[in-house]
Amino acid sequence: MRKNSTSFLRIDAGVIGIMWKREMLRYMRDRSQIFGAISRTVLWLVILGYGLGAALREIEGYSYAQYILPGVVTLNILFSALQCAISLVWDREVGLLRSVIISPAPMLSVTLGKLFGGATIATLQGAIPLLLIPFLGLRTSPLALGSALVVMFFMGIALTAFGIIIASRLKTFEGFGAISNGIIQPLYFLSGSIFPLRGVIGGVGFLDIPTHLRDELRQLGIFAIGGGWVVQLPFFIQVLVYINPVSYQLDLLRYVLLNFEQLPLAADLAVTFGLAPVLAVLAAWSIERMLRKRQ
Amino acid sequence: MGAAVVATGVSYRYGDHVAVDDLNLTVENGEFFAILGPNGAGKTTFLNMLMTVTRPQSGRVTIMGHDVVTDTPEVRRALGVVFQDPALDDRLTARENLDIHAVLYALPRKERRNAVDRALSWAELDQVQSRAVRTFSGGMKRRLELARALMHKPSLLLLDEPTMGLDPQGRRHLWERITSLREQGMTVVMSTHNLVEAESCHRVAIIDKGRLIATGAPAALIAELGSSAASLEDVFIALTGKQLFDDSATGRDGMMSFARQGGEFTR
């Protein structure tokens, strides 16, 4: 028994690398996934962003399309990470995973390869909305973009691991619809992605102010001027947003991209960088448990 | 090192259903060994125990002297496995599938490319090595899996219904590849439905309802029953009092017979 557990935990860079490469090859040959990310970007960022943006003139000084940009990035990461994780069920029943399971390769490394693959794909999928930054009137620095990719990768790890924990408990492939509606959407809607926790909405003014003046006002802590509503979410939604870990990850991403945060930055950092390794370990354990309980 | 496979008093049950019932079996090195039995006889459950997927609930199984429960890594290195249904990544090419295997079995980096090349030409798939596996026929997939199972030079090959579901040509082609291993002295344990294949093995174990009914050389088993037995199927009928195949039709059989009758045009 002792021998088994040590071989399970052994880290094998070659195995991690080949499982990562497998995920990447599968991604590159599957156009539908990229199409999904593009269509979500167009739907949410362009259509909703500008459509609803016509009514909600601004949120804390950001146009609505600018405000939801990090949310759309998050949505793409959520879809991609959970899709990658859910492929585990298929792979276990009729795919390559059955031959991986009976190989001498350490399962922790197999899981890590899958996780890193899922996180890399999630980062690439999440980067698609970022291509629209120049058209949204946002100015970002290479440093901000680089930090955003790091945050996105950690989100990808945490969410792929979360998906693996769920997928390893699924018996059939039919649960996928439920996953998409019952998990992705609540995590997305309750993360402050499309409406702020609190803040000044609407109004006229800030967007019309020349850029250099806007920057100066921001440095003074003034994010919006002009007429508008001060919005505070109902208490129960606030609670749901506060317990949703995606809120903190998204808030960090928004801080990095827009220099605007709604939650304590320390909490954002702790959740984003603390959750990923914890969930990764739990995911590896879930896969091991799934294999052990198989029959 | 001991015998290739030693199973002593092995049992496994799913709830009330006894899949494998106190099975005792030895396979010697260099043997071609067939496990014959109807659907649901416990063949796959038994093979799953040999390949360390299922743990025996009682009894003990050793492969090349290594216990499947306590020495799992050694057992896994010693085994080459071909599953009943393809266990390939459909979206990857033949070469990429073999590359993964080379890494999982920790083949030395310098030898990987050679091993993959050799496997591809052994499976006669070098012409199509860059095509996605999902474009392959059933026979091509099975040959690829067989070549993959041999890449790390296993000392025991486990084949679960290797030729099931293949067309006659694919079946013949694959069987040629399998018999070529016999000349090289490979130890092979296969579960099968196919009498011709079973009769060409060194020894056969006949299993029904999880119990071992008879083992021995096919010719000896047939001879034991005297002149009335002409094939292993007759042996099976004589021992169990029922047909080997028509025990219960699977969903696929039903669909196939429906298609033979003219399918939807008959309605």
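In chain A, the axes of helix 4 (residues 64–94) and helix 6 (residues 107–130) come within 8 Å and cross at roughly 150 degrees. Axes here are lines fitted to C-alpha atoms, for helices over the stretch in contact, with angles running from 0 to 180 degrees between N-to-C directions. Helices (H or I, at least four residues) and strands (E, at least two) are DSSP runs numbered from the N terminus.

This is a predicted model, in which local features need pLDDT of at least 70 and side-chain atom pairs count only at pLDDT 80 or more, while totals for chains, interfaces and linings use all residues. Residues are numbered from 1 along each chain as its sequence is written, and chains are lettered from A and ligands numbered from 1 in the order in which they are written.

Helix 4 and helix 6 of chain A are therefore roughly antiparallel, a term for angles over 145 degrees. Among the residues making the contact are Val72(A), Asn76(A) and Ser80(A) of helix 4, and Gly118(A), Ile121(A) and Gln125(A) of helix 6. Contact requires C-beta atoms, placed from the backbone, to lie within 7 Å. The residues of this contact divide into 12 nonpolar, six polar and no charged. Ala, Val, Leu, Ile, Met, Phe, Trp, Tyr, Cys and Pro count as nonpolar, Asp, Glu, Lys and Arg as charged, and the others, Gly among them, as polar.

Helix 6 of chain A is largely enclosed by the rest of the structure, because 22 of its 24 residues are buried. A residue is buried if 20 or more other C-beta atoms lie within 10 Å of its own, exposed if 12 or fewer, and partly exposed in between.

I turn now to chain B. Chain B holds 10 helices and 10 strands, and 44% of its 267 residues are buried.

Where do the two chains meet? In all, 24 residues of chain B are in contact with 24 residues of chain A. On the chain B side, helix 2 (72–78) and helix 3 (94–104) each supply at least two residues, and helix 3 gives the most, with five. That side divides into 12 nonpolar, five polar and seven charged residues.

Finally, two loop residues of chain B. Met64(B), between strand 4 (58–63) and strand 5 (66–67), has a positive phi near 50 degrees. Met64(B) is buried, with 21 other C-beta atoms within 10 Å. Lys209(B), between strand 9 (203–208) and strand 10 (211–216), also has a positive phi near 50 degrees. Lys209(B), however, counts as partly exposed, with 16 C-beta neighbours inside 10 Å.

Notes
Parallel < 35°, antiparallel > 145°, perpendicular 65-115°, else oblique. Contact = placed C-beta atoms within 7 Å.
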